[in-house]
Amino acid sequence: MAVLRTSFGWAAVVAVVLGAGSSATAQQPSSDVQVGFEQHPQLSSQDELAQADVALARMDQAASTVRRELAAARAARDVVKTLCLNDKLSQIDVGIRSARDRQSSLQAAVQRHDTELANHEFSILVVLRQRAEQLNAEANQCIGEEVAFIGQTQVTATVDTNLPTGETATFPPTEPVIVAGPPLPVSATF
């Protein structure tokens, strides 16, 4: 019964979409509408393998760039920048490990002539490469403590020459303070 409801639900969704599609065809198409999906050209399996190698090389390059920046931040003892760069580098490294696994899966799919799986693995590799590039750009935005000040800090002190040289402050004389309070009880036990 649940399968029937699910099938009926999907049928209703398809009917709504088809109904919306038929009403949309009656309208004039707009030439300035952009679709959020980009159609990539279909690559051959060998081209996908070659592009996977290029993607991994670019990801490794992004990681080494962030790694150098991290070493410089550590040498400068910039804690804020070090934490930021370390986080970005960790995420890039996770992406690289995942991309290497996907590259292995892509190679296996190409050997089995499984085009659909190969395309799937390649698509994931492309997304992982894009994420590594985004993380590299974010790493370039990591701000450290030294960036808060522009230029060298310079302190200038000016001493007023018209100030008196001796001690001129006078204080009131100190008098003993007597505090009056209630009488204390005296005990008469001997």
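The side chains of E133 and R129 meet in a salt bridge, with N and O 3.0 Å apart. The term salt bridge is used here for a side-chain nitrogen of Lys or Arg within 4 Å of a carboxyl oxygen of Asp or Glu. Both residues lie in helix α4, four residues apart, which is about one turn of the helix. An α-helix has 3.6 residues a turn, so residues three or four places apart point the same way.

Before I continue, please note that this is a predicted model, in which local features need pLDDT of at least 70 and side-chain atom pairs count only at pLDDT 80 or more, while totals for chains, interfaces and linings use all residues. Residues are numbered from 1 along each chain as its sequence is written, and side-chain values use heavy atoms, with hydrogens and water left out.

Is R129 buried or exposed? R129 is buried, with a relative accessible area of 17%, whereas E133 is partly exposed at 30%. Buried means under 20% relative accessible area, exposed means over 50%, and partly exposed lies in between (1.4 Å probe, protein chains only).

E133 also has a partner elsewhere in the chain. R58 forms a salt bridge with E133, the closest N and O atoms being 2.5 Å apart. This pair links distant parts of the chain, since R58 belongs to helix α2 (residues 45-75) and E133 to helix α4, 75 residues apart. R58 is partly exposed, with a relative accessible area of 41%.

Which residue meets E138 in a salt bridge? The partner is K88, at 2.9 Å from N to O. E138 lies in helix α4 and K88 in helix α3, so the pair ties together parts that are 50 residues apart in sequence. K88 is buried, at 13% relative accessible area, while E138 is partly exposed, at 26%. The count for the model comes to seven salt bridges.

Let us now turn to helix α4 itself. Helices (H or I, at least four residues) and strands (E, at least two) are DSSP runs, numbered from the N terminus. Helix α4 has 26 residues and reaches 38 Å from its first C-alpha to its last, close to the 38 Å expected; the expected span is 1.5 Å times one less than the number of residues. Its buried residues include F122, L125, L128 and L135. The buried residues of α4 pack against α2 and α3.

There is also a covalent link to consider. A disulfide, meaning a pair of cysteine sulfur atoms within 2.5 Å, joins C84 to C142, with 1.9 Å from S to S. C84 lies in helix α3 (residues 79-111) and C142 in the segment after α4 (115-140), so the pair ties together parts that are 58 residues apart in sequence. The link is left-handed, with -65 degrees about the S-S bond. C84 is partly exposed, at 25% relative accessible area, whereas C142 is buried, at 7%. The count comes to one disulfide.

Finally, I turn to the protein as a whole. How many helices and strands does the protein have? There are four helices and zero strands. Of the 190 residues, 19% count as buried. Contact means heavy atoms within 4.5 Å. Residues 24 or more positions apart account for 73% of the contacts with a separation of 6 or more.
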